[in-house]
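Hello,

Here is the structure I promised to pass on.

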Amino acid sequence: MDHVEALSAFQTLNRTRIERLSMLLPVKAYFFLDVLPLLFQTNNPMLPGYISQATPIGIVDYQPNNRALDAAKTINHAFLYKHHSLHHYPLRGLYLINDNGLLNYHADMQFELWLIYGQWITAEELELLQQKITAICDWANSFLQIKLKGRLLNEITISDDITPFDLDRLYLNGLLLAGLPPSWWTSPPADQTQALSTSQAPFHDDNNALNFGTLTSTAESAQALLNRAVEGINVAMDSNLESCLTLIFQSVQLQHYVDFSWLSEVLKRAIYSDVSEPMLLDSSSLKLNYITQLCNDPETLFVAQQSFYILSRERLSKTVSLAPYTWRRTFIEQQYHAWKWPKNTTEIMDKRGLSHYRQSLSEYQDVRQQITNAMQSVFLFAQQHKFNIEIARQKLEKKFKILFNTDLDAINCLPISFKPQSHQEQLYLARTSLSNNWQINDLPANLSTQPLYQHQSLLNVLAWAVNNQLLTKATRIQLVDQLQKVKMAMVLDLIQQLLHSSLRTNSDQTNTSTLDSDAEIDTVLLFANLEHQVMSSLNQQGLELASLQADPLNYANSKQSLIASVEGLIHSSWGHWHYIIYTGSTSLLELLGTIIQWRPHQQSAIETTCWCPSDNHGKKISHRIETVYSEIIAHYINHPSNGDYLIAIADHFYRLQWQQDLVDILPLVKNKSLEQHLAEQRDIFSASKLDPLLDKAGLLQLLLNQQVEKRISLFLLSKNNSVTLYIIDDLGTLFIQHTTGLAEATLTNHYQQFFSQINVISDVQFFHLTHSTMSGWKHTKITNFNTSTTKPTYLPVRVELDSPKENAQCIIHCGSKTFTGNINDPDLFKQVSDLVLSIRNTTSRYPLYINQLSFTTGKSYTTRHYVILKQKIESLLNKAENLSL
């Protein structure tokens, strides 16, 4: 074929492609390809893309025909065009890149519009031209819903500005709408060029063609090929069988890179070999032919053929009298006969729009295998050519794991692109006496030995069916429970709960932008006592009484927990539903411990819904679980590093505690009071919160709300002649001390002096506590301190210890007197008592308070050590004085 024949063949193919693409476009956009060149031929405010009269216009060798003018009138009936010649044509060519080819058109297709301009255009004119092409693309997007992206290219530097990847796209799928053709059309294929003699040198006409450059197989092309393959895998993971044609083609390209040639070169060789059928020259057909020639795996080839068939949108199992696109249907029929598919394959393929789960699962498994193969080819190719794709590899493997490898606790689910399009009209739910597993199937047991899905949990099985779109409100359920523990009414109620929950409404499409971060909790659904029931003493007697102790966690006089099990469905930001179950009296705390390990931090994670099927206590149980859940998760979000929650379950205290990403459930000593538990030693700061039912008056929680690391808070409650002092130390520990005979101001100054001298760096704050029937407990910060030097009403004492141990050696300073001994020695405190009696002028009591406490070792100890030892020694001192009196 000489250059004239080649140019004619390419021009014929180009015209046919433009005509057929116009047919495939939406009806309202049928004129789109005809009007595009005209928009760059005139500056008319009636047409899209008008910027100013100074904008460069005029495409070389182009004059609008009647179709183009009619297309312009479709946009604006008042448009008139006067044919005229320009002194020069600054625009050299207008190309539309249609990567999708001509098998079909869909709304997500992305076109590119390349405008090549001449070298004499100024920078100001280039800016106007950029504004014009941008305005035209915006118009196409807004009014025609055609996704179009513009690109300006200088004809002088064009070969340097285009990557090999883009150059292949241009030569393979570029449509010349107006202007000069590419010189590549008249340049013979590489293998034929080498065979030409000197007298038959390749034809080049730089004045009547555009030189975009030559494609070569270099390291740069290998990198481009690898990048395209990685991108193709990403696309395939978010798609379905349709993506497999390109996926397999790219994989085969990598596997046969030694004999690599660009697909546009394959197109050129076909044209130079007198292949003229446009559908055989379409990029999709070229890909399939390439796979057919080089792929040795019949299964892979079959998948590629199916993908090609789906892309064509033809349904050969359906008889049509007049096909919308006869050229396409005729070609697909020819291909189908050449493929020699198994019987009924087209019937199955044509029902994809009404697919049920089994067909969707089969397609999912085929695509999963092809993606696995493609990833192996990419990684091997990168290794062979020493390309570093570690970051891309990690992202691919992570995305593949999320979409195709379900975690152990996750309910396996088909990705959104594979979800069945039709629900099951009938499902069979069964549990046999030989197995504890619930099984769900679309066929009765006598017709199918392998269920669609099975799990020990009824909730898990039904959630799987709802999430995979098998189970809807129109589905009929047949239930067989040979263990006779679950009734049909409960199953139907549970199904309704699931169908009306976010399990049904939440989209589980993977958001690629979230893959770089850890999965986060979106939604939590809780279910109590579905298959586990609590047998109380009242139930055993056949009685059901109203109890004043109505807390489901401590019900009736026996303080029994009515919660036998809690199951949860957790929806993550990655689109997965995770299933968890805990049984026993601490099941709620164990479930919350698992939730905390997800490290929730969004406010939306605080709320949950719970459903319990119990007729008598279901609403109470659900409300209690929802309340405790919200309390604990809100407390965790406010204090994610260190915190704890105290609650009573079945008349036992428990502490749910988290610190440094570890969660523990600690049963507390039963014979201790709540205040004693709050006073227990802590090694690090922990913000505590109480179950409101433990602190109905709200006083303790009011105090605990002031827990702040490195701050000591003291609360003074005056009543009659006594003051109760509540101390929250810098680690969050709560102490209570009762004093008599001391004014608030005296006590405040005393403790301010005491804490200022201990070896602990902490801020100290004081509060007044008040209570009223209407408003409950309140606290008011004390800001003004009485620093009067009036003689104190107590004897100041300084104490030195060698350690905080129980048998520490003690030095007590009372004025100028010093006493030494063991802290457990009564004689030591008797000596101090005798001193007090000797200096006492009245018979009234003269209490002793420690102003300063220190350790001879110089070591630092916690505030708790100082407070506990202060209280202990003061108690021993004042006890000795009372005995002396």
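Helix α1 (3–24) gives the largest share of the lining of the second largest cavity, 4 residues. α1 and α6 (164–173) each supply at least two residues of that lining. Helices here are DSSP runs of H or I with at least four residues, strands are E runs of at least two, and both are numbered from the N terminus.

This is a predicted model: local features need pLDDT of at least 70, side-chain atom pairs count only at pLDDT 80 or more, and totals for chains, interfaces and linings use all residues. Residues are numbered from 1 along each chain as its sequence is written, and side-chain values use heavy atoms, with hydrogens and water left out.

**Cavities**

The second largest cavity holds about 100 Å³ of space. Its lining includes Phe10, Leu13, Asn14 and Arg17. Tyr95, Trp185 and Leu267 are also among the lining residues. By class, the lining has 9 nonpolar, 2 polar and 1 charged residues. Nonpolar covers Ala, Val, Leu, Ile, Met, Phe, Trp, Tyr, Cys and Pro; charged covers Asp, Glu, Lys and Arg; the others, Gly among them, are polar.

The count comes to 5 cavities of 30 Å³ or more. The rule uses a 1 Å grid over the protein atoms alone: in a cavity a 1.4 Å probe fits but cannot get out, a pocket is an open set with protein on both sides within 12 Å along at least five of seven lines, and lining residues have an atom within 4 Å of a point. Points are joined across faces, edges and corners, and a volume is the space filled by probe spheres set on them.

**Largest pocket**

The largest pocket has a volume of about 1,200 Å³. 31 residues line this pocket. Asp99, Asn100, His106, Val235 and Thr246 lie nearest its centre. α6, α8 (219–237), α9 and α11 each supply at least two lining residues. The lining divides into 10 nonpolar, 12 polar and 9 charged residues.

**Rings**

The whole structure has 31 aromatic pairs. Rings of Phe, Tyr and Trp (its six-membered ring) pair if their centres lie within 6.5 Å; planes under 30 degrees apart are stacked, over 60 edge-to-face, the rest tilted. Phe249 and Tyr290 have ring centres 5.2 Å apart and planes at 75°, so this pair is edge-to-face. The pair links distant parts of the chain: Phe249 is in helix α9 (residues 244–255) and Tyr290 in helix α11 (residues 283–294), 41 residues apart.

Is Phe249 buried or exposed? Phe249 counts as buried, at 2% relative accessibility. Tyr290 is buried too, at 8%. Buried means under 20% relative accessible area, exposed over 50%, partly exposed in between (1.4 Å probe, protein chains only).

Ring pairs also link Phe302, Phe308, Tyr309, Phe331, Tyr336, Trp339 and Trp341 into a cluster.

Two charges to check. The charged end of Arg151 sits over the ring of Trp114, 5.1 Å from its centre. Lys870 lies over the face of Phe754, at 4.8 Å from the ring centre. The test is NZ of Lys or CZ of Arg within 6 Å of the ring centre and within 35 degrees of the ring normal.

**Strand β9**

Strand β9 (residues 521–528) has 6 of its 8 residues buried, so it is largely enclosed by the rest of the structure. 7 bridges join β9 to strand β10 (residues 565–572), and the two run antiparallel. Strands pair if DSSP finds at least two bridges between them. Leu526 has Gly568 as its bridge partner in β10. β9 also pairs with strand β12 (residues 609–611), in the parallel sense over 3 bridges. There, Phe527 stands opposite Trp611.

Best wishes
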